[in-house]
Each structure stands twice: as C-alpha cells, then as structure tokens.
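Keep the viewer open as you read.

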Amino acid sequence: KGEEAMYVFMEARKYAERAVEIDNNNDSAHVEAAHTMGRYSQFIGVVSALKEGYAEKISFHLDLAIKINPKNVSAQISKGSWHAEIVNKAGFMAKILYGATANQARDHYNNALNIDGDRISVLFEVAYGLVLLDTKQDIFNAKGLLFKALETSPENHLDQLYLNKARELIKTL
C-alpha cells in the first residue's frame with residue numbers, strides 16, 4: 001500500500017523495460033511492460049493514468065506483442081481488457097479518444113478463447129472483461145464462461161483461486 005506499492009510498481013516497470021531493451025522481439029517482455037504500466041495505472045487512478053498517456057503506452061506494447069506472436073493468449077486477453085476498461089470508463093468517448101471499442105475487446109477475447117479456451121484462468125479473465133462491457137449478451141456470455149470454468153478441474157493452486165473468484169463473480173451477476 002501507499003509508498004511501498006509505488007516503489008514496487010516502479011521497480012517492476014524498470015525490470016520490464018529492461019527486458020524489452022534486452023530483446024525487443026520478445027512478446028512476453030512487451031506483455032509484462034504493459035502489465036506493469038497497467039497495474040501502476042490502476043494504482044494512480046484511471047483518470048490520472050489516461051492524462052499521463054499510459055493508455056497509449058500500454059496499447060503500444062500489447063499491439064507489438066500480438067504482432068510478434070498472435071498466439072500469445074495473455075497479450076490477447078490484455079488487449080481485450082484494455083479496450084473493455086477504457087470503454088467501461090470513458091463510454092462513447094472511448095473510441096474518439098483512444099480508438100477503444102467493445103467489438104475490438106470481444107475480438108481479442110475470442111482470439112484468446114480460440115487459442116486456449118479450456119484453461120480456467122483464460123475463461124475467468126475473458127468473463128471478467130465481458131462483464132465490464134455490461135451488455136445483456138456480454139453478461140450472458142460471461143456467465144457461460146464462468147460456469148465452464150467451474151466445471152473444469154483445477155490443475156494448480158492458481159486455478160483454485162480463479163475458481164473462487166469465478167464463484168464470487170457469478171454471485172454478483
């Protein structure tokens with residue numbers, strides 16, 4: 001929390017940027033660079049992050065990761081969530097200001113599901129993003145993905161954590 005969190009986010013960003021410097025063609029390095037900026041953006045608040053240009057920086061790294069490796073499921077989910085978060089926060093201005101649209105979010109989520117749509121983490125992350133889009137159809141589709149996740153046997157502790165989150169999200173829906 002507080003100053004300690006700021007320090008951790010800034011350190012993580014330095015490591016991610018260094019990884020990109022070491023190998024600019026490493027899709028995972030670009031995803032991690034985007035993730036560190038995204039977490040920092042959440043910490044400082046969406047409005048501040050948008051003003052400081054983080055939306056564009058995150059988008060750049062995710063687009064490059066997808067260009068390098070279109071089958072990077074994390075990049076696909078993250079780019080879908082980039083669109084969904086901005087649409088959720090900026091509404092009709094999302095497309096005008098950032099080029100973010102609900103349809104592009106759905107396209108990236110569908111790409112992720114086509115790549116690895118049987119993994120609990122993928123099912124949950126896509127479902128969560130669809131919930132942000134907040135249409136009846138997206139909520140319906142999110143519920144379907146969450147129920148599919150709950151029918152899947154966890155392979156590790158992280159899967160179990162995602163299943164717990166899935167149960168909670170279903171309750172709120």
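Which residues of α4 are buried? The model is a predicted one, where local features need pLDDT of at least 70, side-chain atom pairs count only at pLDDT 80 or more, and totals for chains, interfaces and linings use all residues. Residues are numbered from 1 along each chain as its sequence is written, and side-chain values use heavy atoms, with hydrogens and water left out.

The buried residues of α4 are Y54, A55, I58, S59, H61, L62, A65 and I66; buried means under 20% relative accessible area, exposed over 50% and partly exposed in between, with a 1.4 Å probe and protein chains only. Looking down the axis of α4, you will find these buried residues within an arc of 165°, so they line one face of the helix. That arc is taken from the directions from the helix axis to the C-beta atoms. An α-helix has 3.6 residues a turn, so residues three or four places apart point the same way. On the face of α4 turned away from the buried side sit the exposed residues F60 and K67.

Helix α4 itself covers residues 54–68, and its 15 residues reach 21 Å from first C-alpha to last, close to the 21 Å expected at 1.5 Å a residue. The expected span is 1.5 Å times one less than the number of residues. Helices here are DSSP runs (H or I, at least four residues), numbered from the N terminus.

What lies over the buried face? The cover includes α1 (2–22), α2 (27–44), α3 (46–51), α5 (73–90), α6 (93–98) and α7 (102–116). Beyond its neighbours within four places in sequence, H61 is in contact with V20, H30, A33, A34 and M37, contact meaning heavy atoms within 4.5 Å.

Now turn to α1 and α2, which pack at an angle of about 160° with their axes 8 Å apart. Axes are lines fitted to C-alpha atoms, for helices over the stretch in contact, and angles run from 0 to 180 degrees between N-to-C directions. The two helices α1 and α2 are therefore roughly antiparallel. Among the residues that meet there are V20 in α1 and H30, A33 and M37 in α2.

The second pair is α8 (residues 120–133) and α10 (residues 157–172), whose axes come within 9 Å and cross at roughly 30°. That makes α8 roughly parallel to α10; angles under 35 degrees count as roughly parallel, over 145 as roughly antiparallel, 65 to 115 as roughly perpendicular and the rest as oblique.
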